[in-house]
Amino acid sequence: MTARQTSRSEPTPQHAGPPAPQAPSTAAAEQLSPAFPQRAAWGTVAPLRAWQAEAIDRFRELDARDFLAVATPGAGKTTFALRVATELLSTGQVRRVSVVCPTEHLKSQWAAAAERVGISLDPSFTNAQGRHGAHFDGVALTYAQVAANPALHRARTETEPTLVILDEVHHGGDALSWGDAVREAFEPARRRLALTGTPFRSDTAAIPFVDYIAGADGIRRSRADITYGYGQALADGVVRPVIFLAYSGLMRWRTRTGDEIAASLGEPLTKDQTAQALRTALDPDGEWVPSVLAAADARLTEVRRTVPDAGGLVIATDQAAARAYARVLAGIAGEEPVVVLSDDAGSSDRIEDFARGEQRWMVAVRMVSEGVDVPRLSVGVYATTTATPLYFAQAVGRFVRARRRGETASLFLPSVGPLLALAGELEAERDHALDRPVREEEFVVPEDALLAEANREEKASDELALPGFAALGSQATFDRVLFDGGHWGTEADVGSPEEQEYLGIPGLLEPEQVTTLLRERQAKQAAAQKDQAAAARRRAANAGVDEHKRRAQARKELSSLVSAWSRRAGTPHGVIHTELRSRCGGPEVATASTEEIEARIALVRKWFVGGR
């Protein structure tokens, strides 16, 4: 039987029984938008995207019980999975489908997509029912639902030959009780199709039904059967390019021991102090949050000039912060944001209403972001203390789904080393690594702990409620723009013309046009700073300050910084000076101007806080 035949009347080779109630259509599945539930991105003319067609060919070729597809958010994993499901149902290889996903909202989304291709899934199925109605082809479940009664779902799986689709399969890590439950419930499945759009878990808990292969270094890493990363999808025009706008600023806080500390966000600090500085920045009563939200709203206004329905999303740490951010945004945007809390009744409805509407802003809490599939989201604010690669990738994934040519995404970040590093590595493809050595000083938060925290009532964060800790004040400063692995711009005041130059980048641009504009803006900013420095020199000269002493001090400081970086990076001094000249311009230090030397000093300082 060919892939396009839709009849399910042929007897199942190993299982006899009455015909199924639905008639899944592979033809309908092929006509489903490659980016379902939204229309295909610009330039997509074939029924399936190239990677989807390749994945289906690979699935047929392997003909294996387990298949793992890793594809960047927005690439069309749902369409691929439903195309496989219709083929397996049509050829009688399976008779039932179970979809397992992280959230209640995604259950409804999967059911709606499946209905389009003739597969009827029950998203309202409860464990108390015991079995789904005869008019359904299967069910949509959450991982929590499976964990609550794995024996029930094992019995359901054994009753009929079943295809199990494990959406965002990284949630099935063995360290969590969910992992054991998923393995017990679906071990009897005829076929298992695992999907993920993230670099898997940040911890080393194994994921059920995923193969791990030992490398030359002895570390076992997950093996995907098909991989379609962000870099490839960006080159294909399937996803949007992401512009990261990082904000620093002065933070003041009181520690649990009563000490008062003042430090700039992103400067070299201890691990605890970095975390405290970040929590201070995210305090809604300080000045950092309102300043960054105002900048993000200004960016959204610019994007909406060419994309009128563009929306924004703020990802908060807890309910209290989310509500506070919403109040601030209402005053800035002149419109009440949609607030989505995962334990609130009707949260899925609010997400869907926002997706279909034209409201400016939505505020969500933590892992709710993974269930948010709103392709019109174009601007985001990462206002949470969670900084694992998995969570960061999930957050970025909310903004990358492309709808038309030239759309860009903008994500506002606190300027702290871990987040800047993740932003700079957006295109890196990762496998899930077991046996990974962990340094004694490194604290790895298990993903199951994050998930459990996200699925509880989401009251005030434990971190923010530490006894004795108090945020005393915060100010925001524009730090830099990160795009395509590069850094653009230098520090500027919030509301300054320099900041506005970056906030005003048009909302519809090709990636190469973004790079060109950023280069032009940086050159303009550098020229303005040079003029300001020249004016300062004239003022200094009029005040009797000796210019050659200023230059000598700058040379001495640069030499000291280069020596320190050489020790840290293991790079010869000459190589460092060459790179500084390449990136900042100007001749060798001996003949460089004071301003050129000071520009190199500023660049090396940024390297020490993760800005390389």
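Three strands form an open sheet in the order 12-11-18, with antiparallel pairing; strands (E, at least two residues) and helices (H or I, at least four) are DSSP runs, numbered from the N terminus. Two strands count as paired if DSSP finds at least two bridges between them. The structure is a predicted model, in which local features need pLDDT of at least 70, side-chain atom pairs count only at pLDDT 80 or more, and totals for chains, interfaces and linings use all residues. Residues are numbered from 1 along each chain as its sequence is written, and side-chain values use heavy atoms, with hydrogens and water left out.

Strand 12 (260-264) and strand 18 (470-474) lie at the edges of the sheet; each has a single partner strand, so one side of each lacks a neighbour in the sheet. From one strand to the next, the twist averages 20°; angles run from 0 to 180 degrees between N-to-C directions, and axes are lines fitted to C-alpha atoms, for helices over the stretch in contact. Four bridges join strand 11 (residues 250-254) to strand 18 in the antiparallel sense. Arg 254 has Ala 470 of strand 18 as its bridge partner. Helix 9 (residues 271-281) packs on this sheet and touches strand 11, strand 12 and strand 18, where contact means heavy atoms within 4.5 Å. The direction of helix 9 makes about 105° with that of strand 11.

Elsewhere, helix 3 (residues 77-90) packs against helix 4 (residues 104-116) at an angle of about 55°, with the axes 10 Å apart. The contact involves Thr 78, Ala 81 and Leu 82 of helix 3 and Trp 110, Ala 113 and Ala 114 of helix 4.
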